[in-house]
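Hi,

Here is the structure I said I would pass on.

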Amino acid sequence: MLLSNIDTRHGTANQHSYSNGNTLPYTGVPFAMNYFCPQTAHQNGSWWFHPRDHTFQGIRLTHQPSPWMGDFSHLLLLPVSGAINSTDLFFNQGSYRPEEATFQPHYLSIYSERHRILTELTAHTYGAHIRFTFNRKDMTAGMLFTAPGIKSLTIKNNHLTGYISNIAGCEDKKLKMYIDLSFSTNIESLKYHEHNHMIDLGTHYKGEEETLYLSFDKLASDGVLDVQLATSFISQEQATLNLERELPHTFEEHKNLAADKWLNYLNRIEVSDKSKDKISLFYQMMYRCFLFPQTWYELDKDNQPIHYDTLSKTIKSGYYYTNNGFWDTCRSLFPLYSLIATEEYEKMLAGFYNAYKNSGYLPKWLSPDERGLMPGTLIDAVIADAAVKHIATDKMPDFLEAMLKSATTVSGKDNYGRSGTLDYLTYGYVPNHYHESVNHTQDYAYSDFCISQVAELLDDKDLAKKYAKQSLNYRNLIDFDYGILRSKDKDGQPRTPFNPYAWGRDYAEGSAYQNSFAAYHDFGGLIQSLGGKDRFKEIITDLCNTYPIFDVDGYGFEIHEMSEMAAIDFGQIAISNQPSFHLPFLFNYIAELPTTQHIVKELLSKAFKLGFDGYPGDEDNGSMSAWFVLNSLGFYPVTPGSGEYVIGIPIVDKAVIHLSNGNDLTIQTNNNVPQYHYSKNILRNNQPYNHLFFTHNDLMTGGNIEFDLCLVPPVKHYTETDLPFSLT
C-alpha cells in the first residue's frame, strides 16, 4: 500500500459536544514516544486542531491520547519571518491552505502564507527532523518556542537544551521532559515578552514565560533551517544521546526510515477490493492501530531499555508504555496484535508488568502513569488473552499474582485497583452507592473469568475453579422482568424507580440497554438465566429495534455519546462506544448468524466513512479502528481470554493476513456486493465450515477462509458445539 493514500486528518473534525473520532493528525512512527501535529486553535483546550481551520500556530509536539485525558509535556514551534513586536501567539500566527498541505503518517508539509515559510517534518521514536524553508531571505529568520509551565533552557551556538514541565495529571507533579534541539545555523538571540528581554547566549533561562523568541544567524542560500529534535523523560544526557543517534541521518533518510516503519506494520494485512475508497478506509484504520500505547522506555548507552518511574522518581530498568486505556483497547486492539504483532504484544506486557512493580497494582489507564479511569480492571483480559494464545507464557505466574492482588486488596487510592473490592467479595456485586456499579460488577466478573483462565493454564485447578464460580456474580444483578442488569443497594434492593433509558449513575456512558450484556465469558448462562433462547432473542431484538432515545438522568446534560447514538440511528446499539462493540454478535449465541451479519455489514458501511468526520464516536487509542479492521475481515473477538473469534461478515474482496508466526491466512469474499448481507457458505481450507466462531490456534495455522455471500439467508441448522464459547 502507499502511505500517500492515508490522510491523518481522518476523524479529526471534532468538538467537545460531538465526536467524529476525537483523533489528532499524528505524524511520527509506530508506538513513538512523541507525535507531531499542526496546532490551529490556541483557545480550545484539548481541541487545538481542526481540519477545516486555516490558522497555523506551529508544530506541536504532543502526548495527548484523547482530548478527555489532555496533553502533557507539550511544546510548540512556530517559524516566523521578520521582526516581531510581541511574542504573543495570536500576533504571530499565520494562515495555510488545508487542501494543499500534506498529512501523512511519516511526513507533514504545511506552508504559512503570511510568513512564506514551508514547514516539513518527519520523525523517529524519540523526536523529529524538521525542515523550514524561508522564502523571504531578506528578512530575519525566527522561531517562537512555546511551552506552558516551568522551563529551564540553555543556548549554546546551534543547540537549545534543557527541560520543560507541564502535565495534565501525574504522580510526579514536577515531571520534566528534557529536550535537545540542534539547528543548522547558530542561534543569534533569545527574547521573551517582558520588556523584550534578551537572554545572553550561553546562559540559562529558567521561568514560566510561555513563549520565547529565537532568531538565527544568516541562513544558507537556499533559505533552509534544518532542525533535529530529541526528547527524554530520564535526563539531559539521555536526550542528547537520543539526538546523537539520529544526527547522521539527512531529512530524506529520516523520511524513508519512518516510511519503512509504517509499511512494516501496514503491510501485515494486504487487502484488495473493487472499491479504492474501501481499501483507503481500511488502511486509515490500520494506521490508527499502531499509534498507542506509546513508548515510555528509552535505550541507555548500552542499548538497554530503561524508564522513568514517576512514583519513586527514579530511573528503572525495563520496558514501559503509556497512553493506553484498557477498558477501550482490551476488546479489539490487543486481539489484533495477537494475530499480527505478537513480538510487540510481549514487550508491552513486560512494560505493563513494570507498571505493576512500580505502583503495586496493574494499570487501568496510563497517561503518563495511572489515571484510574473507567470501570473494572480490564488489563486482566489483555493478560488472559495472551495466556490462552501462548504469548508471554513465562510471565504468567507473575501476572497471576498481580491479578489476584487487584481482585482482593483495597489499594487505598481511588486510581489503583478495583473500586468497591470488599463489597463485591461480600455481596457478590458492587452496591449502587458506587458510581457505575453495574459495569463494575460485570467487569469484575469477567476479570474473575480471566483469572481462572490464567490459573488453568498454570495448572492451579482449585484457584481456576474458585474464580470461574465467582465469575458468575454478574447474575446477581439480573432483572428478569426487564431482561437487563439492574443495580442493587447493599441490602439487595433494586434501584427504584427504574428507567431503562437513563444514562449514567449505575451505568458507564450508557443506559441499561448498552450495559447489561457484558457477560462476555458466559452468554450461554445469561441466556438461560433470562429464560432461554426465545426470550433472549426478544430482548436483544427489542434492543436493536428501540428508537435511540435516552434520558440524561445520571449526567444532567446530553453527553456526546448520547448525541452520537441518536445521530447514527442503529436503535440502542451505540457503536460510538465500547460497551456496544459486541452487541451485534449476541445473535450468534442463539444461532442467528444472518442477523449478526446484517447488522455488522450495515455498521461497517453506514457508520464509518472516509473523511474528517470518519468515525461514529471516539476512536479511543486504536480500539474503534481495530474493531473496524477485524470486522472487515469477517470475525470479532467477543471474549478475549477464550481463544475464539465470533464469525461476522467480511466486506473486502480479499485479504491476506501475514501472521506473526510466518504463516499467511487468506480470506476470500465471493459475490461481495452491497446488497448481499449474508453468507450462503463458509469454507475453511476448502471444506464446509459450520461453527459460528474461529479459534485462534486454527487461524494461526494459516490457509484460507472463503465466504460466499448471498441476498437471502439460507436455512442453517447448528448444534450446541457450533455456538461460540460460554463458560456454562
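Predicted model: local features only at pLDDT ≥ 70, side-chain atom pairs only at ≥ 80, totals over all residues.

Where is the place of Val410? Val410 sits in the loop between α9 (396–408) and α10 (421–427); helices (H or I, at least four residues) and strands (E, at least two) are DSSP runs, numbered from the N terminus.

Residues are numbered from 1 along each chain as its sequence is written, and side-chain values use heavy atoms, with hydrogens and water left out.

Back to Val410: its relative accessible area is 48%, so it counts as partly exposed (buried is under 20%, exposed over 50%, partly exposed in between; 1.4 Å probe, protein chains only).

Next, helix α4 (residues 276–288). Its 13 residues should span 18 Å at 1.5 Å a residue, and the end C-alpha atoms are 19 Å apart, which agrees (the expected span is 1.5 Å times one less than the number of residues). The buried residues of α4 include Leu281, Phe282 and Tyr283. The helix's buried residues pack against α3 (251–266), β19 (269–272) and α18 (623–633).

Finally, His124 belongs to strand β8 (residues 117–124). His124 counts as buried because its relative accessibility is 3%. Apart from neighbours within four places in sequence, His124 is in contact (heavy atoms within 4.5 Å) with Val29, Ala32, Leu229, Glu246 and His254.

Cheers
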